[in-house]
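Here is a short note for anyone opening this structure for the first time. Please keep the view at hand while you read the points below.

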Amino acid sequence: MTTDVNLAEDLPPNGTLIQASAGTGKTYTVAALVTLAIAEDPGLRIGNVLVTTYTRPAAAELKHRIRTRMAAT
């Protein structure tokens, strides 16, 4: 099942899986969803958010993009 994520709508439920080919905006979407979740829930802290990926370089890139997005927001 394929679902498009609209960042203007409610957040997806816990346990959301984002799977797509390279260059499709996965990292952008994850960074936006994490930032949105933290912005909308005053009780949510970044230390309570778990985001996983398959390689250390991909994890480092994701961490950087999330931090950059949160700082810009």
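1. A word on terms before we start: two residues are in contact when they have heavy atoms within 4.5 Å of each other. Please also bear in mind that this is a predicted model.

2. The overall make-up is quick to describe. The protein has two helices and zero strands. Of its 73 residues, 16% count as buried. Among contacts with a separation of 6 or more, 52% join residues 24 or more positions apart.

3. Start with helix H1, residues 26-40.

4. Which residues of H1 are buried? They are Thr29, Val30, Ala31, Ala32, Leu33, Val34, Thr35, Leu36, Ala37 and Ile38. Helix H2 (56-72) is included in what covers the buried residues of H1.

5. Now look at how the two helices pass. The axes of H1 and H2 come within 9 Å and cross at roughly 45 degrees. That angle makes H1 oblique to H2. The crossing of H1 past H2 is right-handed.

6. Finally, the contact itself. From H1, the residues taking part are Thr27, Tyr28, Val30, Ala31, Ala32, Val34, Thr35 and Ile38, and they meet Leu62, Arg65, Ile66, Arg69 and Met70 of H2. By class, this contact of H1 with H2 has nine nonpolar, two polar and two charged residues.

Notes
Residues numbered from 1 in each chain as written. Predicted model: local features only at pLDDT ≥ 70, side-chain atom pairs only at ≥ 80, totals over all residues. Heavy atoms only, no water. Buried < 20%, exposed > 50% of the residue type's maximum accessible area, 1.4 Å probe, protein only. Helix = DSSP H or I, 4+ residues; strand = E, 2+ residues; numbered from the N terminus. Axes fitted to C-alpha atoms, helices over the stretch in contact; angles between N-to-C directions. Parallel < 35°, antiparallel > 145°, perpendicular 65-115°, else oblique. Left-handed = near helix turned anticlockwise from the far one by under 90°. Nonpolar A, V, L, I, M, F, W, Y, C, P; charged D, E, K, R; others polar.
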